[in-house]
Amino acid sequence: MLMFLSPITIITCIVFFVFVYQAGAGEKKEHLYKILVIGELGTGKTSIIKRYVHQFFSQHYRATIGVDFALKVLNWNADTLIRLQLWDIAGQERFGNMTRVYYKEAVGAFVVFDVTRASTFEAVTKWKGDLDNKVQLADGSPVPCVLLANKCDQAKEGLVNNTTQMDEFCKDKGFIGWYETSAKENINIDEAARFLVTKILEKEKANKLSDEERDRDRVVLESNDTSKKSEKPRSGCC
Ligand SMILES: Nc1nc2c(ncn2[C@@H]2O[C@H](COP(=O)(O)OP(=O)(O)OP(=O)(O)O)[C@@H](O)[C@H]2O)c(=O)[nH]1
Ligand SMILES: [Mg+2]
């Protein structure tokens with residue numbers, strides 16, 4: 001059969017198969033994660049996202065209306081690509097009734113406060129409460145959430161000056177951790193995101209393992225059931 005094909009056709013086929021093989025060999029696992037960024041008005045949510053995604057900062061303040069989106073692609077390791085879909089939710093939304101819709105299917109969150117305004121820290125508990133009331137992971141556990149003490153390039157006000165008390169606050173309110181950040185000076189934003197993604201991956205892995213265990217148990221139970229069924233006729237009327 002090969003005799004009837006021209007050398008050019010044969011070479012084209014070989015090149016095509018080599019290309020397909022290489023593309024398959026280099027295939028990466030891809031994850032898409034929805035991450036919420038919430039907190040009071042003017043705390044720097046949009047600025048943090050702009051810094052993280054576009055390496056850009058502006059002093060100019062324009063309040064977000066409703067919700068904005070941004071996508072950050074992370075080459076996590078040699079065989080994993082992660083897309084973070086960042087939901088930048090306007091501070092004024094805490095008084096609206098859309099947050100339940102916005103929070104849906106999120107797998108991670110940042111709550112942001114402004115270290116120069118203690119009132120924004122006081123609102124952190126309300127934002128965290130709103131989050132936990134309205135969204136959970138598939139296994140019913142709370143969405144992993146990191147607290148960001150933003151504008152740390154400026155003078156700090158309140159509890160944020162006491163690391164031990166901040167640690168206790170986070171433990172008490174169910175935050176997985178906290179970071180002092182500055183969108184202006186690009187401090188700790190990459191680190192906080194990396195920490196959150198690591199926790200999300202860990203959670204996903206643990207859930208997958210427990211799903212597999214459950215499936216294994218089910219197979220064992222079902223196979224036990226089958227043996228009982230096959231024993232039945234022996235002890236039955238025949
Ligand atoms: N010094 C300093 N200023 C910041 C920082 N982050 C944000 N800002 C300023 O704070 C103001 C508010 O920032 P935004 O990012 O718009 O705040 P937001 O949380 O998105 O506000 P809403 O959309 O209204 O909820 C802007 O003037 C920013 O330039 C920071 O890390 N340091
Ligand atoms: Mg904003």
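Over the ring of which residue does the charged end of Lys 72 sit? In this predicted model, that ring belongs to Tyr 52, and the charged end of Lys 72 lies 4.6 Å from its centre.

## Overall architecture

The protein chain contains seven helices and six strands. Along the sequence, these elements follow the pattern α-β-α-β-β-α-β-α-α-β-α-β-α. The chain has 238 residues, of which 35% are buried.

## Charges over aromatic rings

Besides the placement of Lys 72 over Tyr 52, a lysine is also found at a tryptophan ring: the charged end of Lys 34 sits over Trp 87, at 3.6 Å from the ring centre.

## Aromatic pairs

Five aromatic pairs are found when the whole structure is searched. One pair is formed by Phe 169 and Phe 175, with ring centres 6.4 Å apart; their planes stand at 20°, so the pair is classed as stacked, the limit for that class being under 30 degrees.

Both Phe 169 and Phe 175 are buried. These two residues also belong to a cluster, in which ring pairs link them with Phe 113 and Phe 121.

## The magnesium site

The magnesium ion, ligand 2, has two threonine residues as its protein donors: Thr 46 and Thr 64, each through OG1, lie 2.0 Å from the ion.

Oxygen atoms of ligand 1 take part in contacts with both backbone and side-chain atoms. A backbone N or O atom of Gln 59 is 2.7 Å from a ligand oxygen, and a backbone N or O atom of Thr 43 is 3.2 Å from a ligand oxygen. In the case of Tyr 61, an N or O atom of the side chain lies 2.6 Å from an oxygen atom of ligand 1. On its own, ligand 1 has 650 Å² of accessible area, and the protein covers 95% of this area.

Note on methods. Residues are numbered from 1 along each chain as its sequence is written. Chains are lettered from A and ligands numbered from 1 in the order in which they are written. This is a predicted model: local features need pLDDT of at least 70, side-chain atom pairs count only at pLDDT 80 or more; totals for chains, interfaces and linings use all residues. Side-chain values use heavy atoms; hydrogens and water are left out. Rings of Phe, Tyr and Trp (its six-membered ring) pair if their centres lie within 6.5 Å; planes under 30 degrees apart count as stacked, over 60 as edge-to-face and the rest as tilted. Buried means under 20% relative accessible area, exposed over 50%, partly exposed in between (1.4 Å probe, protein chains only). A charge sits over a ring if NZ of Lys or CZ of Arg is within 6 Å of the ring centre and within 35 degrees of the ring normal. Donors are N, O and S atoms within 2.8 Å of the metal (3.2 Å for Na, K and Ca); water is not among the atoms, so sites may look incomplete. A polar contact is a pair of N or O atoms within 3.5 Å; within protein, one must be able to donate a hydrogen and the other to accept it, and residues adjacent in sequence count only if both atoms are side-chain atoms. Accessible areas come from the Shrake-Rupley method with a 1.4 Å probe; for residues, only the protein chains shown count as cover. Helices (H or I, at least four residues) and strands (E, at least two) are DSSP runs, numbered from the N terminus.
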